[in-house]
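Q: I would like to learn how to read side-chain contacts in a model. Could you walk me through some, one feature at a time?

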Amino acid sequence: MKAIIRSINCIFILFVCIFFIILYTHICLARDLDPQDIRVLNRAYKYMQKNKYNEAINILEGYRKKKRDVPDKILIYLANAYVLQKDYDLAIPILISLTKQNNKNIDVYVMLASCYYAKKEYLKASKYFKMAYNMSQNREYLYNTAICYYYSGEKLKAYNLLKSMILLKENKYEWIKTYVSILLDLKKYKEALKYIIFLSNAPIKDKVQYQEIRVQLYILLKRFNAAKNYLSVLLDNNPFNTKWWDYLINVYLNENKYKDALATLIIKGYINPYTPKEEKLIADLFMQLDIPRDAVKFYAKLSDKQYKDIYFTLAQCYLRLDNPEKALLYIEKELISKKTYKLYYLKGEILYRLKKFDDATYAFINAAKLKKRPYKAYLMAGYCAFYAKKYKLARRYLIKAGKDKKLKKQVIGLIKEISILSNAGINGKAVF
């Protein structure tokens, strides 16, 4: 199942780049500005209109050096120009000085918060967004505060703040999306489900994304009936969306309903050709349902480059089909490129079934060499040597197998039988 935790939405926090016409009109009509202040602002404003922020800054900074007490409105305008120029380190001292003067202009605090946000100093940004909210009761600023908490690593703070704000009836979709992201990040899946259901039914562009997350959550929370019912609705609306068929298969696999999973996968095959991964799954499901003849058809389409151990799997299939000769053929193919315990052990079992006891003995010995605890392989080597009537060899391997306490009793019985058959006897000596 895909990871359902998606990264938090890219939150776009608007810098308070004051709309210049409004600012210009407001300042020109302000009673506390003298004509010289207004003329300077007019000159700066003309450059700001043309996005020539550096020229505007030069005018305002020049005026600032000449005049002892520059009005706050000019300083705000200058700070705004620095923000637009992305010179946050130059804007911040001006804005902080205004806050120390107990300036009540909300734009000052939001601009300051936005500067710190741009610099990724999120805790400082949260402080000033919170102050802007306290002054205005504008919940957008409180939302921005929560985002800053999140990015600063204070995820629980962000969660608690948004929890008190999110109301579904308001239809603030971006807020809800952000809240969902935080809930998923905190693994609060049950709580997130309510909001994901809301988003999956909402008139939003990324609705399908939340439909998918909704299905994933149902599976994660083991609400399989809810997942199947919802997928039934989605498939009724769009039966050619193979993604929903994939999830339905996933649900059946989680329920261990292999027959239903196989039937669903076969239906999906009528919509799109099977991928190698799906062919492997179909074959595995046929094997799980004890239908090796059909499993072989799909396994045979897969190459050893696509899937490791595919020849080993085919060998197992042919053994279940009582065709050890074909099984041996595939094991030999696999052994060309790699030598592993399980390959040699299965080869030994196949040869044993074919009653090629000498060859089976050495296959089990090769397997034993590749295992830290090779006792079972030695036991089988002992059996094969016994049936090949090589009693001394059988006894040697059985003694090695008998070092495993679980096999000791079985080994002793077999060694006694070997002693009788070979007329060798144990002469009262301890074998172990």
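Q: Is Phe298 buried or exposed?

A: Phe298 is buried, as its relative accessible area is 16%. Buried means under 20% relative accessible area, exposed over 50%, and partly exposed in between, with a 1.4 Å probe and protein chains only. Before we go on: this is a predicted model, where local features need pLDDT of at least 70, side-chain atom pairs count only at pLDDT 80 or more, and totals for chains, interfaces and linings use all residues. Residues are numbered from 1 along each chain as its sequence is written, and side-chain values use heavy atoms, leaving out hydrogens and water.

Q: How many aromatic pairs does the structure hold?

A: A pair of aromatic rings is described by the distance of the centres and the angle of the planes. Rings of Phe, Tyr and Trp (its six-membered ring) pair if their centres lie within 6.5 Å; planes under 30 degrees apart count as stacked, over 60 as edge-to-face and the rest as tilted. There are 23 aromatic pairs here. In one, Tyr218 and Tyr230 have ring centres 6.3 Å apart and planes at 70 degrees, so the pair is edge-to-face. Tyr218 belongs to helix α12 and Tyr230 to helix α13, 12 residues apart; helices are DSSP runs (H or I, at least four residues), numbered from the N terminus. Both tyrosines, Tyr218 and Tyr230, are buried.

Q: What kind of pair do Tyr274 and Phe298 make?

A: With centres 6.3 Å apart and planes at 80 degrees, Tyr274 and Phe298 are edge-to-face. Tyr274 sits in the loop between α15 and α16, whereas Phe298 is in helix α17, 24 residues apart. Tyr274 counts as partly exposed, at 25% relative accessibility.

Q: Which ring does the charged end of Lys188 sit over?

A: That ring is Tyr159, with the charged end of Lys188 4.8 Å from its centre. A charge sits over a ring if NZ of Lys or CZ of Arg is within 6 Å of the ring centre and within 35 degrees of the ring normal.

Q: Which residue forms a salt bridge with Asp290?

A: Side chains of opposite charge can pair when their charged atoms come close. A salt bridge is a side-chain nitrogen of Lys or Arg within 4 Å of a carboxyl oxygen of Asp or Glu. The partner of Asp290 is Arg320, with the closest N and O atoms 2.7 Å apart. Asp290 lies in the loop between α16 and α17 and Arg320 in helix α18, 30 residues apart. Asp290 is exposed at 54%, while Arg320 is partly exposed at 43%.

Methods. Helices (H or I, at least four residues) and strands (E, at least two) are DSSP runs, numbered from the N terminus.
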